[in-house]
Amino acid sequence: MIDQGLEHRSTAVTEMPDELRRDVRLLGKLLGQVIAEQGGADLLADVERLRKAVIAARRGEVSGDEIAAMAAGWEIDRAVQIARAFTCYFHLANLAEEHYRIRILRERDTGDQVQRESLAEAVHDLGRERVAELVEDLELQPVLTAHPTEARRRAVVTAIQRISGRLTDYNTPGRGASERAEDERRLLEEIDLLWRTAQLRNTKLDPRDEVRTAMAAFDETLFRMVPQVYRSLDAALGDDTGTRPPLAKPFIRYGSWIGGDRDGNPNVTSKVTRDTIQIQSEHVLTALEAACSRIARTLTASAQFAQASPELRAALDAAVDAQPEIVSELATRSPNEPHRQWMLFVATRIAATHRRDLDLAYRAPAELLADLRLAQDSLAEHAVRQAYGELQHLIWQVETFGFHLAELEVRQHSQVHAAALEELRAGGALSERTEEVLATIRVIAWIQERFGVTACSRYVVSFTRSADDIAAVHELAGHALGNRSAVLDVVPLFESGEDLANSPRVLAGMLEIPQVQERLAATGRRLEIMLGYSDSAKELGPAAATLRLYEAQEQLTAWAAEHDVRLRMFHGRGGALGRGGGPANRAVLAQAPGSVAGRFKVTEQGEVIFARYGHIAIARRHMEQVANAVLIASSPTVGSRTAAAADRFRPIAEEVARASEQAYRALTEAPGFPEWFALVSPLEEIGSLRLGSRPARRGLGAPRSLDDLRAIPWVFAWAQTRVNLPGWYGLGTGLASAASLEELQAAYAEWPLFNALLDNAEMSLAKTDRSIAERYLALGGRQDFADQVLAEYDRTRTLVLRVTGHRRLLENRKVLSRAVQLRDPYVDALSHLQLRALTALRTGEPSERERERLSTLLLLSVNGVAAGLQNTG
């Protein structure tokens, strides 16, 4: 299908590796066959017409008007089928690229030299002793969130995963001709099913659906990946890993907002939160039982060659006294294999924990760890490799995931707490919302009683303006729990520019709250705060928000040192560049000196979860890159160098930020801008995609200001228009205001923050298509706004290239450049189909039936563009 004619396109094609080209052609050919079988040869011919036209348009041989006319000429139902074809192609192209990336990761892992941005490289650069010191305090906590940024249905994701498995089989070396033929038949079968699977959800997601979707990442990737990362660090820190006690301690702890984040989402209730932790526990206990049983089955070492320690023999005797029938049966199955008997007994107890059999169940993960270490210590005397091999992996998994899998965090808006307290202080009947606030706190207490404090203690307060907002949660806990108690680590979330500036004052006020003082004493003066990237970027623009967040981190780091507080900053970064996204490891290195200090906590959401955790090899690489960056950023040498660069370039950065913010506000705060934005983008229609359980907008009706819009649909809608405005707007004006080009170039070369700002803007500019953007912007009937946006795009693109010294966008990032250039023509095809639907909906008067069909076309194209750009919100 869409694989033909690749050699006629841009220089990116000549750089396309043979293995990747082969997979793209194979999958494209099979998709073309499916389309012809299901829709007829004429449908495939129409798809090919549009494909060739958009490629020719990129060469200047066909005009945009000709393509628009072609898209308008098809019946709506035919246009829907064509949009489905291109969307399926993107899913397959993304899959082919993922497979190629995995092959490259494996090819580079030759053992001859350390891999870049790996844990081994950090040890090589910093030295074993220094890394061993840093590892003692190393904390890495990705927090999974349910923000609606994954445009694909779970059924589509599952279908793609099945195709991935078939493609792996097909590419396995040494396959015979008959095996390859069968592999291709299975591939065709799965692609046929992908084509037949509805791309759009018919019903809105329930929060529990979001929880179960996230559990797929745990089941398929996270559980197995974590010990691999620890093993990499252990091997780098010392020789003979697997034959000695580990030098690497667990440093990864997963968190989750899914089922706990109720800010603006009335669908997340106390019952949902209770159900969520039970779902999480079910998955982790199932995984632990399976891992323990697998190890037990393979641990066939006879007592003749691996004697049990006196402690282990005593434990087995005690087990016989407590559970004679169970242990007797295990001994019969595993005669003279004491370690196997013990591990089978441990697996039995994990299963009992799952089904809540109180006679056998473990009361806490610490009890399970004690039993596992009992076996490990015994094996270490006579079978050391069995002690520190797979059994050590299981110990690491228990230490990382416990019985709750991920720490469940609750988030609520400060105004909700204020309203609830007002009702409680006034006496009388309580509203349903206030009752729900109290019920949520009671659920937190229940979770702690059942799973321990580490399962759920953090309570994030959105729009924290003063220490009173933190004290309010503790006062509410008193109303909710009475004589009962619960541990609450209340986390202020600073989102707006004003809130970021006031954050040290808020923290100073928090130190006066008795409950905060108690927690500081209990935790070694540890305190956590959260920085919001999405809303600050939406308010200030990308350049000003970046500098404001950096300055806030500097101020907070200094405040923490002054008050002897071990501060951990929780970075609320989105997936898209306009919401603080971008490569996570580079983001770590761009933080203010001293702000990392071996600790990094960050949100992971939507399509980012599946992009980073969809395959174990990619997940491991991602976690190693971030851990490498945290270790490097925590080095005093690196911190001093970054601080010196910040001091030197701060004046010019502030000049850029000031002018950039003025330009950004001049556009986004102009009268009529929100209404214009709603007309030129599929903003209103995005809510119909049913991306998640959370509403896409605050309040009802058309947005009257940016405050009415959540950051996710704001960014998502701009990506659909091919403008990507939140990722770059205002930066060009900011750069133009600087007095010295040479100083800007030096800042780009020497200051990680400025480097990341420009590189992220360059990536966003590369995904912008000016000619198609013009067509969207024209729909709003405000040429002044359109001209303003396009002029700033031209200015930003020119100056970013001038400062970076690049001849073209993404010149120094070949892999990303190739991906963007190869996808662009096909995204163009979907954009033209989307424009056809959007134009008819905005300027025409379609009948109710026609409006429904146009909406289907629009939403399918939205889904396809998201897949093509590999980026939503």
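Which residues have the most contacts inside the largest nonpolar core? Keep in mind as you look that this is a predicted model. The core holds 89 residues, and those with the most contacts inside it are Met-225, Tyr-254, Met-343 and Tyr-613. Helix H10, residues 207-237, supplies the largest share of this core, with 14 residues. Pick out Met-225 and look around it: leaving aside residues up to four places away in sequence, Met-225 touches Tyr-254 and Tyr-613, along with Ile-616, Ala-619, Arg-620 and Met-623. Another core lies apart from this one; its 69 residues include Ala-93, Ile-163, Leu-187 and Ile-772.

Now turn to strand S9, residues 599-605. Seven of its seven residues are buried, so the strand is largely enclosed by the rest of the structure. In a regular strand, side chains alternate between the two faces of the sheet. Here Arg-599, Lys-601, Thr-603 and Gln-605 point one way from S9, while Phe-600, Val-602 and Glu-604 point the other way. What does S9 pair with? Strand S1, residues 139-145, pairs with S9 in the parallel sense over seven bridges, and strand S8, residues 566-572, runs parallel to S9 and is joined to it by two bridges.

Next, find helix H36, residues 783-804. Its 22 residues reach 31 Å from first C-alpha to last, close to the 32 Å expected at 1.5 Å a residue. The buried residues of H36 include Phe-785, Val-789, Tyr-793 and Val-800, as well as Glu-792 and Thr-796. Which helices do the buried residues of H36 pack against? They are H28 (636-668), H29 (673-680), H32 (731-737), H33 (741-750), H34 (752-766) and H35 (770-777). Just after H36, Gly-805 takes a positive phi of about 80°.

Our last stop is Glu-554, in helix H24, residues 542-562. Is Glu-554 buried or partly exposed? The cut-off for buried is under 20% relative accessible area, and Glu-554 has 25% relative accessibility, so it counts as partly exposed. Setting aside residues up to four places away in sequence, Glu-554 touches Ala-592, Ala-646 and Arg-650. For a sense of scale, the C-alpha atoms of Glu-554 and Phe-305 are separated by 59 Å, and the two residues are 249 residues apart along the chain.

Terms used
Residues numbered from 1 in each chain as written. Predicted model: local features only at pLDDT ≥ 70, side-chain atom pairs only at ≥ 80, totals over all residues. Heavy atoms only, no water. Core = buried A, V, L, I, M, F, W, Y, C linked by side-chain atoms within 4.5 Å. Buried < 20%, exposed > 50% of the residue type's maximum accessible area, 1.4 Å probe, protein only. Helix = DSSP H or I, 4+ residues; strand = E, 2+ residues; numbered from the N terminus. Contact = heavy atoms within 4.5 Å. Expected span 1.5 Å × (residues − 1). Pairing = 2+ DSSP bridges.
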